[in-house]
Amino acid sequence: MIVKNEEKTLDRCLSSLKPLMEAVESELIITDTGSTDSTVEIAKKYTDHIIHFEWCDDFSAARNTGLKEARGEWFLFLDGDEWFENTDELIEFFTSGECDKYGSASYIQRNYTDSSGKNYIDFHALRLNRVIENCLFINQVHEAMPRITPTKFFKDYAHHYGYVCYSRRERMKKSQRNIRLLEMELEENPLNLKAYYELSREYFGFYDLDTVEYYCTRGLKIEEEHPDHIWKLSIFQSYVKALYKGKAYQKVLELVEKMVREDPQMEIIWMDYHYYAQNAAFQIRDYERSNSHGLAYLKVYEQYQAGRLDNNMLLFANFDHIKETDKEQVLYLLGVSFLFLHNYKEVEKIIDQLDSLDPAVLGHGLLLISRMCAETEKWEQLASFYQNKRSVEASYKIDIMKEIEAVLPLEEKMRADAAIAFAALPDKDDAYVRMNCLRNEELNGDKDAVECELDWFLRWEGKWSTVYSDVLFFAMQEKMNILKFILKIEVDEFRPIIDNMQKHHNNFPEVIKEYLKSYSFENLKGLYWSICLRENLLMMETKNFAANEDEMKFFIEYARQSAKYVRSIFRSELLSPDRVTILPRAYRFGFYMGQALAAQEKSDSESYLRNLRFALKSYEGMNRPISVLLDYFEQEEKLRREKAEEFNKLAKQVKERIKILISQGKLKEAGQVTAQLAALMPNDPDVVKFRTLTHTEPDMKELAAQLPQ
């Protein structure tokens, strides 16, 4: 092994080798290329044979350092970030003596494409060789050993996350390193077809299709002069992929069909070719041609799965499309193409094949059934599909129902026809069947039957999910108190359920507004439901939010409820301006709106304005209604200032008149005008002075001076 900074994965890797090393006489040689973490310390737990290698931009040189010190008859190499699921086949291979018949062996390297552990591509890695003189690693990067035939193929596999990068920067850095080393190899050997192929693969990571095509065409031109069938096919694979990604669909078809005609024996390579060709033909609506390539793909795929293809080719082909999900995509396109060609019998065959796939990939099958039902206007097939799944476990059944809901058309008549088909199913204890009965009765306008179905759901003890959103919608449409429903549902489901209602019912805004006029909830869960409903409507209408009285009242009530909810669920010490920043955004919004409304009641304009701005910053989704409130405030302030200016102007005129009357000795008339002005501004200094001069208010100092001392 060669390692560098593998502390996160090395222990798992070496631990997975223990059964093999205990069963077969072995030595473990680790070459460290400059680790700065605890990699070497971990390695020392498993071996004393650790070589310290000064990195020189050459993976083969590092590998060869360990190989030259190996004393065994066979040599196995792997990376520090891969580990075996089990090594039973390898152990049997060596302990039984079967190894004497072979010169090399290959196990499956399961290369994951992301960190989820669900998406991967299996590659047959030639990682075991018999040790012979002068057999060394070659190539500075993507190093390999010359193959010694015959080769044993194992089904044992090793997990490998070496191609998973957790950031775009990390991926780019790794690709740039590989590109630099590959270009160095081409400088030394311009005829190195493997380097052209690897460079084309690296540039896919940069989405640089022009450079991918450049290296592919250069490599193919060199291959014409120096034939190498294996690398020709691999480079061609990258070339076809680049053309497809660049939407050169016609050229993809021409090249693939030419290549397949010229070399019909290389079937294992054709899987990716046929995959791209099927998709290319579908894109240009050549459905007959698309089907031809789709069927060819499936033929090769079945041979591959059955192990009937030439295993030797597996060592040289990097497949992008050999997973079951790829097969599902091929089947789906076949089905859609047959649908466009009105060949419904073939569509039904495809549906049967999709139905037999793993439950995790049922989406395409349901989508195809839905499309066929929509075209034929017969929804019984979709209902039958669901009926056939009635015995599956509950969690999977919910997934099926969600998928069915997702593929149902939004067009009202089609949804109504689908509801009739599902309502006709015999299992009346099934909640999904009952919901479709409810849909059907709503369409028929049978209020008694609707009430009966809603009553069934009130008694139902099953698990609620977004699938049953129509039950709550129709209950609200019937002005029913839905608190009993709400108490059964997890609050995490509220927003998805409401989103479903809004998606499937054009009258959603009218129904919800009318319902909220009729019901308010003191129960916290009910209060949160009301908040979610109001928020959904506000978000729907945010772009067209009208600054009319009704809509502003609706928003203000939403803000009041949000503030009440926040005050109810958080301790009072958290609800202060200096600590509220630790709350989630939506709750900060509720806090600030509560503060703003309280300030408004106290006529504290400064606090009102400040908290409105904080609320806007906390929840930009409410930009429009809060902006309207801010506009109202600014308009009122402007009007107040204008009135104040006008009043001050008039007051000034009145004061001038009072001064004139006093100067003329008309104190009685001046006193009458002063009394009127004092009613409006009693504390004004000029008014106080005028009242003294006109004797409308006694001068207390003068009176005090006249009292006996």
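Hi everyone, let me start with a definition: two strands count as paired if DSSP finds at least two bridges between them. Helices (H or I, at least four residues) and strands (E, at least two) are themselves DSSP runs, numbered from the N terminus.

A word on what we are looking at. This is a predicted model, in which local features need pLDDT of at least 70 and side-chain atom pairs count only at pLDDT 80 or more, while totals for chains, interfaces and linings use all residues. Residues are numbered from 1 along each chain as its sequence is written, and side-chain values use heavy atoms, with hydrogens and water left out.

Let's go to the sheet. As background, strands of a sheet pair through backbone hydrogen bonds, either parallel or antiparallel. Here we have an open sheet of 5 strands in the order E4-E7-E6-E8-E5, and the pairing is mixed. E4 and E5 are the edge strands, each pairing on one side only. On average, neighbouring strands of this sheet are turned by 35 degrees against each other, direction ignored. For angles, axes are lines fitted to C-alpha atoms, for helices over the stretch in contact, and the values run from 0 to 180 degrees between N-to-C directions.

What packs on this sheet? Helix H1 does, touching E4 and E5, and its direction makes about 30 degrees with that of E5. Contact here means heavy atoms within 4.5 Å.

Now follow strand E7 with me. Strand E6 (residues 104–112) runs antiparallel to E7, and 9 bridges join the two. Along that pairing, isoleucine 108 stands opposite histidine 124 in E7, and arginine 110 stands opposite aspartate 122 in E7. E4 also runs antiparallel to E7, joined to it by 3 bridges. There, phenylalanine 75 stands opposite asparagine 129 in E7.

Next, glutamate 27 forms a salt bridge with arginine 71, their closest N and O atoms being 3.1 Å apart. Glutamate 27 sits in the loop between helix H1 (10–23) and strand E2 (30–32), and arginine 71 in the loop between helix H3 (59–67) and strand E4 (74–76), so the pair ties together parts that are 44 residues apart in sequence. Glutamate 27 is partly exposed at 27% relative accessible area, whereas arginine 71 is exposed at 71%.

For a local case, look at lysine 413 and aspartate 417, whose side chains meet in a salt bridge at 2.9 Å, N to O. The two are 4 residues apart in helix H18 (residues 412–423), so about one helical turn separates them. Aspartate 417 is partly exposed, with a relative accessible area of 23%. Elsewhere, salt bridges that share partners join Arg63, Asp79, Glu82, Arg127 and Glu143 into one network.

On to the cores. In soluble globular proteins, nonpolar side chains tend to be buried together. A nonpolar core here is a set of buried Ala, Val, Leu, Ile, Met, Phe, Trp, Tyr and Cys residues joined through side-chain atoms within 4.5 Å. The largest one has 165 residues, of which Phe457, Tyr468, Ile482, Trp529, Phe555 and Ile626 touch the most other members. Apart from it lies another core of 27 residues, including Met1, Leu17, Cys99 and Leu128.

Beyond residues up to four places away in sequence, threonine 31 touches Met1, Ile2, Val3, Ile51, Phe53, Ala62 and Gly66.

Finally, cysteines: with a disulfide taken as a pair of cysteine sulfur atoms within 2.5 Å, the count comes to 0. Cysteine 13 is buried at 0% relative accessible area, and cysteine 216 is buried at 0% too.

Definitions and conventions
A salt bridge is a side-chain nitrogen of Lys or Arg within 4 Å of a carboxyl oxygen of Asp or Glu. Buried means under 20% relative accessible area, exposed over 50%, partly exposed in between (1.4 Å probe, protein chains only).
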